[in-house]
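The structure is shown here for reference.

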Amino acid sequence: MSASGLLGEIADVGRDPKRGGYSRHAFDAPEQDLRAWFGERALGLGLDVDTDHNGNIWAWWGPPGPDAVVTGSHLDSVPGGGAFDGPLGVASALAAVEALQARGFRPGKPFAVVVFAEEEGGRFGVPCLGSRLLTGTIDADKARGLRDTDGVTFAEAAAKSGFDPALVGADPERLGLVGKFLELHVEQGRGLIDLGSPVAVGSTVIAHGRWRFSFAGQGNHAGATLLADRADPMLPAAATVTAVRRLAAAVPDARATVGRLVPTPGGTNVIASTVDLWLDARVPGTATPALVEEIARAASEAARAEGCRVTVTRESYSDDVVFDDALRRDLGGWLGAPPELPTGAGHDAAILAGFVPSGMLYVRNPTGISHSPEEFAEADDVEAGAAALATVLERLAR
């Protein structure tokens with residue numbers, strides 16, 4: 001059972017005919033199909049499968065216990081995402097377990113493969129929701145009240161899928177079992193193709209967050225309302241989009257993006273009454289909030305000039321993460337000193353890193369394109385990643 005072969009088994013699940021790629025979101029039908037697939041594959045390896053209160057799936061090799069070695073990733077995607085972001089880590093973990101079993105290895109420590117829920121935040125807007133809930137880094141009531149674009153709350157979706165939303169939240173007992181966490185992931189950004197290596201060890205994750213800008217004006221008729229009489233929230237929203245690029249360009253190594261903008265009511269011949277846009281901002285160190293404040297000031301000025309109002313709401317934020325030094329050194333030593341890479345992408349491993357020694361392995365992505373149907377990894381590199389994961393898991397769990 002190769003990692004590439006496992007990815008092939010789910011290649012038709014959640015294909016998005018409109019966007020291309022895959023749309024697999026928390027508790028929707030494709031994601032439920034993937035959950036069932038993972039459970040079947042894990043049971044086939046003799047693992048014991050259970051799901052925690054927060055929708056995270058755990059597959060234990062032997063009895064659960066403290067100081068466990070845990071590996072895994074996620075199965076959900078961004079809208080129109082690629083085939084590798086998340087599922088590569090899950091497929092590689094399953095392939096690594098089978099490879100270790102074939103060698104006759106049996107872990108000397110508790111060992112689990114985990115699938116975290118709603119890592120991308122593609123449905124409810126908060127990334128790494130499953131790992132945030134596990135660790136208590138998001139308030140349970142806030143999580144229960146998160147809504148998707150159809151107005152369905154996380155609590156409602158969880159209940160429909162068989163989970164008790166009253167139990168959602170921090171799970172110190174479960175978290176206390178994790179001794180070390182290791183996540184394998186497709187590379188996001190171009191690095192390894194130029195370094196000539198199929199695998200890298202993760203070093204850092206830069207600070208990042210999401211903010212919602214809500215512009216309010218006066219809805220009206222597109223033909224009957226003179227330009228001078230308008231309070232059109234689309235104008236300050238558009239000005240904010242351009243300000244994001246301009247202001248971020250002045251901050252070293254900053255990344256800032258508006259990838260979603262929603263006018264209401266959304267008619268071609270209607271001046272919008274409200275426009276919501278979402279800002280994703282990422283800057284190394286402590287500068288992300290300062291950049292967002294600058295953008296918010298520009299948005300306020302643009303709104304005022306058009307006779308509109310704007311409110312800014314922080315939906316998520318994570319500081320810089322440096323992965324555990326000792327674990328990082330061990331990974332490099334066991335794998336023959338592959339490159340170390342920082343990343344601007346968020347991961348469940350970065351959430352866990354605040355609580356347990358955590359690390360990451362990256363598999364080469366020759367173009368660096370991710371969160372897109374063009375995301376790619378060569379089959380040989382996929383297998384090299386799974387082999388590297390098996391090597392380090394054997395050392396960690398002996």
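What follows covers a set of paired strands, then aromatic pairs, then charges over rings.

The model is a predicted one.

With β1, residues 48-51, the pairing is antiparallel and runs over four bridges. Thr51 has Ile57 of β2 as its bridge partner. The two strands form a hairpin with five residues between them, and in this hairpin Gly55 takes a positive phi near 90°. Strand β4, residues 111-116, is also joined to β2 by four bridges, and these two strands run antiparallel.

The aromatic rings come next. A pair of aromatic rings is described by the distance of the centres and the angle of the planes. By a cut-off of 6.5 Å between ring centres, the model holds 10 aromatic pairs. One of them is formed by Trp61 and Phe105: the ring centres are 6.1 Å apart and the planes lie at 75°, so the pair is edge-to-face, the class for angles over 60 degrees. This pair links distant parts of the chain, with Trp61 in the loop between β2 and β3 (68-74) and Phe105 in the loop between α3 (87-102) and β4, 44 residues apart. Trp61 counts as buried because its relative accessibility is 9%, under the 20% cut-off. Phe105 is buried as well, at 11% relative accessible area.

Phe124 and Phe154 also make an edge-to-face pair, with 5.4 Å from centre to centre and 90° between the planes. Here too distant parts of the chain are linked: Phe124 belongs to the loop between β4 and α4 (129-135), while Phe154 is in helix α6 (residues 154-160), 30 residues apart. Phe124 has a relative accessible area of 4% and is therefore buried; Phe154, at 3%, is buried too. Phe124 and Phe154 belong to one aromatic cluster together with Phe27 and Phe163.

The charged end of Arg24 sits over the ring of Tyr22, at 4.0 Å from the ring centre. Arg260 has its charged end over the ring of Trp278, 3.9 Å from the centre of that ring.

Definitions and conventions:
Residues are numbered from 1 along each chain as its sequence is written. This is a predicted model: local features need pLDDT of at least 70, side-chain atom pairs count only at pLDDT 80 or more; totals for chains, interfaces and linings use all residues. Side-chain values use heavy atoms; hydrogens and water are left out. Two strands pair if DSSP finds at least two bridges between them. Rings of Phe, Tyr and Trp (its six-membered ring) pair if their centres lie within 6.5 Å; planes under 30 degrees apart count as stacked, over 60 as edge-to-face and the rest as tilted. Buried means under 20% relative accessible area, exposed over 50%, partly exposed in between (1.4 Å probe, protein chains only). A charge sits over a ring if NZ of Lys or CZ of Arg is within 6 Å of the ring centre and within 35 degrees of the ring normal.
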